[in-house]
Amino acid sequence: MDAGSLSSSSTIKTRSRYPLQEQFIQRKSSKENLDRFIPNRSAMDFDYAHYMLTEGNKGKENPVASSPSRDAYRKQLAESLNMNRTRILAFKNKPPAPVDLMPHEISTNPHDSKLAKPRRFIPQTSERTLDAPDIVDDYYLNLLDWGSGNVLAIALGSTVYLWDASDGSTSELVTVDDENGPVTSVSWAPDGRHLAVGLNNSEVQLWDSTSNRQLRTLKGGHRQRVGSLAWNNHILTTGGMDGRIVNNDVRIRSHVVETYRGHEQEVCGLKWSASGSQLASGGNDNLLYIWDRASASSNAATQWLHRLEDHTSAVKALAWCPFQGNLLASGGGSGDRCIKFWNTHTGACLNSIDTGSQVCSLLWNKNERELLSSHGFTQNQLTLWKYPSMVKMAELNGHTSRVLFMAQSPDGCTVASAAADETLRFWNVFGAPEAAAKAAPKARAEPFSNVSRIR
Amino acid sequence: MAARTVAKDIITLRGSAAIVSEFFGYAANSILYNRGVYPEESFVKVKKYGLPMLLTEDEGVKSFIANLTAQLSEWLEAGKLQRVVLVIMSKATGEVLERWNFSIETDSEVVDKGVSREKSDKEIMREIQAIMRQIASSITYLPCLDEPCVFDVLAYTDKDVAVPFTWTESDPKLIANPQMVKLHSFDTKIHKVDTLVSYKNDEWDEP
């Protein structure tokens with residue numbers, strides 16, 4: 001069997017060899033163009049190849065060429081090549097270019113507004129980190145403030161430190177006695193020179209930061225610690241653990257001029273509107289009050305303008321909108337996690353966003369319609385929101401514990417955040433300094449312009 | 001009665017030129033509006049071709065288009081106009097972003113011998129309306145013009161046309177490797193207008 005198959009294969013080989021040889025000889029004789037690399041071209045169909053190269057291609061291309069766009073292109077090509085018989089003319093006077101286009105386009109065409117404001121790069125990491133040892137991890141306090149003099153005040157334990165943002169130098173302003181401390185709140189007066197320091201013993205001290213001198217102590221307004229402070233010209237408003245809110249005229253001897261009663265628990269959020277006509281206060285009783293400056297009176301306890309019960313947890317984070325006078329943003333504690341927006345004239349809740357985390361602090365961007373919130377568990381992040389769409393623009397991570405306090409630099413660009421992880425971080429979240437350079441002098445002038453200074 | 005209807009459907013060279021040049025005026029306005037070359041507020045709505053059409057209120061643009069259609073009408077009557085191209089360019093770089101190409105085929109017999117053709121007004125208007133609708137809907141597929149733009153109009157004429165005082169020779173302002181979309185055409189039986197828009201390829205769209 002084996003031998004048989006072998007022999008048959010050999011016969012095929014020999015047989016097949018014959019014709020090869022024959023052709024080889026034939027070709028040679030016909031002097032065809034052969035070489036040692038391609039010794040034979042018998043398997044090649046030159047006619048077919050020639051046809052494919054010439055005629056066949058035409059046939060293949062035809063269906064493609066019949067597509068209208070190809071057709072049009074060909075037509076156009078022919079016409080542009082045929083320019084000899086055509087004259088292309090245009091008016092010498094060009095149509096007027098669309099002037100003053102951008103302001104219109106922003107409102108009409110979303111694509112152009114994108115061009116007008118190229119997307120800002122938001123650094124995801126903090127620009128600078130400082131140690132903040134012994135910072136009191138207490139949600140109800142307000143231990144960080146950045147004054148118009150570009151000096152940051154932070155209370156660590158019983159000591160108030162000043163950090164000058166212009167040269168990065170640190171100084172200690174005051175250390176209060178242990179029986180009076182710790183410090184429960186700090187707030188710069190609008191002049192950027194005087195600092196109010198709220199204490200655990202219900203007193204409030206006033207300090208002159210330039211001479212490092214204590215000017216006076218405000219006593220008798222509260223019975224418990226003073227966790228929140230807010231300035232309105234020469235009025236220092238203090239909010240205490242006793243639920244009271246007191247307007248102190250720092251110029252006069254009997255400084256308590258008005259008392260707002262409404263909160264039943266600790267007042268932890270306190271902010272005057274930019275115009276100074278309305279005061280927002282938030283408390284541990286989950287209530288947000290709006291008080292009217294004009295209707296405040298010294299003799300009787302003042303009636304609130306609005307009592308807002310929508311939050312389901314302590315209301316600490318409050319921020320008045322810098323570009324819309326009667327718009328207030330408020331954030332709720334860990335049981336609530338919502339940022340709510342209010343029309344403070346009508347008391348209407350305009351929007352509510354569940355952030356998924358305790359809202360510790362809120363800041364508006366002075367230069368853009370954006371809101372920054374700082375949070376606690378689980379991410380301990382800062383979240384930048386586009387207003388009013390409330391689209392998340394950025395999440396800034398870095399803190400490893402809840403971000404209790406935030407303060408904005410006077411030019412509005414940099415945000416300082418202090419967290420329970422005992423760090424103070426600086427974020428370049430509200431735009432690069434050069435982008436805000438033109439806005440900075442305006443922002444800087446604002447706190448001074450309509451303020452009568454303390455002398 | 002019958003004679004009157006017939007008379008109504010007769011179209012002369014002059015009438016055809018008027019229809020075509022008017023069409024260019026409205027088409028140019030519509031393109032400038034829909035492509036956002038000029039701000040939306042500078043346009044007012046009018047009724048034309050059974051459609052709400054937008055006309056510019058900007059005096060400069062208005063007079064430019066008026067001068068244009070007047071000149072085009074003259075060339076159309078002479079049968080010398082081959083093509084009109086509205087070019088949209090970047091204001092900053094001058095790069096050509098879009099070319100709205102209106103090719104015109106003129107019935108030379110009508111021009112040479114002065115005969116007239118028959119086609120009803122209504123039918124022509126319906127054809128023009130279809131083009132206007134396409135121009136308005138073109139924003140759905142044309143790339144966004146996300147920068148300030150300017151426009152210019154090129155007229156392709158026969159070589160023997162004397163260049164009017166206010167006109168000058170121009171380069172064709174072509175787009176390299178363009179995308180093209182052919183729109184409807186209309187025909188007055190004297191002038192046949194083919195509309196085609198070519199635009200810059202979106203680089204990132206390419207496979």
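In chain B, helix H2 (residues 13-34) and helix H5 (residues 121-137) have axes that come within 10 Å and cross at roughly 20 degrees. This is a predicted model, where local features need pLDDT of at least 70, side-chain atom pairs count only at pLDDT 80 or more, and totals for chains, interfaces and linings use all residues. Residues are numbered from 1 along each chain as its sequence is written, chains are lettered from A and ligands numbered from 1 in the order written, and side-chain values use heavy atoms, leaving out hydrogens and water.

**The helix pair in chain B**

- H2(B) and H5(B) are therefore roughly parallel to each other (angles under 35 degrees count as such; axes are lines fitted to C-alpha atoms, over the stretch in contact for helices, with angles from 0 to 180 degrees between N-to-C directions).
- Their crossing is right-handed, meaning the near helix is turned clockwise from the far one by less than a right angle.
- On the H2(B) side, the contact residues include Phe23(B), Tyr26(B) and Ile31(B), while H5(B) brings, among them, Asp121(B), Ile128(B) and Met132(B) (contact means heavy atoms within 4.5 Å).
- Sorted by class, this contact has 11 nonpolar, two polar and one charged residues.

**The sheet in chain A**

- Four strands make an open sheet in the order E23-E24-E25-E26, paired antiparallel (helices, H or I, of at least four residues and strands, E, of at least two are DSSP runs numbered from the N terminus; pairing takes at least two DSSP bridges).
- Strands E23 (359-364) and E26 (391-396) of chain A sit at the edges with a single partner strand each, so one side of each has no neighbour in the sheet.
- From one strand to the next, the twist averages 20 degrees.
- E24 (residues 370-375) and E25 (residues 382-386) of chain A are joined by five bridges; Ser374(A) has Leu382(A) in E25(A) as its bridge partner.

Notes:
Angles under 35 degrees count as roughly parallel, over 145 as roughly antiparallel, 65 to 115 as roughly perpendicular and the rest as oblique. Ala, Val, Leu, Ile, Met, Phe, Trp, Tyr, Cys and Pro count as nonpolar, Asp, Glu, Lys and Arg as charged, and the others, Gly among them, as polar.
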